[in-house]
Amino acid sequence: MNKKVDSIKTVVMAVGLLASVAQAGVPLNGLQGSGGFVFNPLAYTVGSEANTDSIVGKPQVAAWFANFGDSSINWYAASAAISVAKVAEFSYGYGLIDMEPDPANTHNLGAKLCLIEENLDGTPWVPALAVGGVFMMTDADTDYDDSGVNAYVVATKTIKQTPVPFLVSAGLLYSDEIAYGIMGHNEADSVFFGNIAVMPVENITVGVEYKQGVDAGDDTAQVTDSDCIGGQVAWTYDANWTFVGAYADTGSTKKGATDFGFGDSLMVSAQYTF
């Protein structure tokens, strides 16, 4: 009898452990820390499901390296994000941008709140809906403000009824950033962003990404970022590790402040979910 009880306890403990294991993969920690893809947030929170005895999920950390060959810039980034009750996300991202004449450091504090759960009340067509914001700081030598705020609303849906599951996401961003906040902040603008991704096999995600350039100009200066178009491949190695390779075209470096970009970039990332 005692052996049966012990066996039942062992099974229950194993189920409990399985219920709280990490869930690596998408959403990734983006280049600036928020849960999504490289540049754009998703309406999902990062990391594992909340623990059985706590509403706080396990953290997800990431390291990025991005080389912008056209502008001789190397962008090193590290971030951590955590979810609470699967409806809120908090993140911090640090960036070291190695550029001429002087390098710059960036700090990004993010928060996200999921307003509508995906497939609410068993309806398979309902997307997840979230709002969020990022407080951004830079120490770059710039004529503009060294801090600003991004605010966004985003809807995301993963469709599993097709032969190959795919994800679609779209949102609106209200931002005053110049060159992703690296070169400072000025007047705010509303822009569109979106992602499409497919999962050809269970542990591979292949996606494309678009972010409209922010027009941060005012009466005294014209400052407009180029649109950003990119793609990424994420390989979920196991329940903890995800590795990412990405490419982005952030626009020409030769068009000046009215259509500003850092050029093409190749990026790699390693991400760990506890």
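What follows is a dialogue on how to read cavities, salt bridges, a surface patch and some backbone features in a predicted model.

Colleague: Which residues lie nearest the centre of the largest cavity?

Modeller: They are Gln-32, Ser-34, Phe-39, Pro-41 and Val-134, out of 18 lining residues. The elements that give two or more residues to this lining are β7 (128–138) and β8 (147–159). Sorted by class, the lining of the largest cavity has 10 nonpolar, 7 polar and 1 charged residues.

Colleague: How much space lies in the second largest cavity, and which residues are closest to its centre?

Modeller: The second largest cavity holds about 50 Å³. Its lining has 14 residues, and Phe-39, Glu-209, Cys-228, Gly-230 and Ala-248 are the closest to the centre. At least two lining residues come from each of β11 (204–211), β12 (228–236) and β13 (241–249). The most come from β12, with 4 residues. By class, this lining has 9 nonpolar, 3 polar and 2 charged residues.

Colleague: Next, salt bridges. How many does a search of the whole structure find?

Modeller: A pair counts as a salt bridge when a side-chain nitrogen of Lys or Arg is within 4 Å of a carboxyl oxygen of Asp or Glu. The search finds 3 salt bridges here. One of them joins Glu-89 and Lys-112, with the closest N and O atoms 3.4 Å apart. Glu-89 is in strand β5 (residues 88–98) and Lys-112 is in strand β6, so this pair ties together parts that are 23 residues apart in sequence.

Colleague: Are Glu-89 and Lys-112 buried or exposed?

Modeller: Buried means under 20% relative accessible area. Glu-89 is buried because its relative accessibility is 2%, and Lys-112 is buried at 3%.

Colleague: Which residue forms a salt bridge with Glu-118?

Modeller: The partner of Glu-118 is Lys-157, and their closest N and O atoms are 3.7 Å apart. Glu-118 sits in the loop between β6 and β7, while Lys-157 belongs to strand β8, so the bridge ties together parts 39 residues apart in sequence. Lys-157 is buried, with a relative accessible area of 9%.

The remaining pair to look at is Lys-211 with Glu-177, whose side chains meet at 2.7 Å, N to O. Lys-211 lies in strand β11 and Glu-177 in strand β9 (residues 166–177), so parts 34 residues apart in sequence are tied together. Both Lys-211 and Glu-177 are buried.

Colleague: Turning to the surface, which residues form a nonpolar patch there?

Modeller: Val-87, Leu-113, Leu-115, Ile-116 and Leu-120 form it, and together they have about 380 Å² of accessible area. Ile-116, in strand β6 (residues 104–116), is partly exposed at 31%.

Colleague: Last, the backbone. Where is the cis peptide bond?

Modeller: The cis bond joins Glu-100 and Pro-101, with omega about 0 degrees. Pro-101 is in the loop between β5 and β6.

Colleague: What is phi of Ser-72, and what is phi of Lys-86?

Modeller: Phi of Ser-72 is near 55 degrees, a positive value in a residue other than glycine. Ser-72 is in the loop between β3 (60–68) and β4 (73–84) and counts as exposed at 58% relative accessibility. For Lys-86, phi is near 65 degrees, again positive in a residue other than glycine. Lys-86 is in the loop between β4 and β5 and counts as partly exposed at 47%.

How values were computed: Residues are numbered from 1 along each chain as its sequence is written. This is a predicted model: local features need pLDDT of at least 70, side-chain atom pairs count only at pLDDT 80 or more; totals for chains, interfaces and linings use all residues. Side-chain values use heavy atoms; hydrogens and water are left out. Patches are made of residues with over 30% relative accessible area and no salt bridge: like charges are joined within 9 Å, nonpolar side chains (Val, Leu, Ile, Met, Phe, Trp, Tyr) within 5 Å. Accessible areas come from the Shrake-Rupley method with a 1.4 Å probe; for residues, only the protein chains shown count as cover. Buried means under 20% relative accessible area, exposed over 50%, partly exposed in between (1.4 Å probe, protein chains only). On a 1 Å grid over the protein atoms alone, a cavity is a set of points where a 1.4 Å probe fits but cannot get out, and a pocket is an open set with protein on both sides within 12 Å along at least five of seven lines; lining residues have an atom within 4 Å of a point. Ala, Val, Leu, Ile, Met, Phe, Trp, Tyr, Cys and Pro count as nonpolar, Asp, Glu, Lys and Arg as charged, and the others, Gly among them, as polar. Grid points are joined across faces, edges and corners, and a volume is the space filled by probe spheres set on the points.
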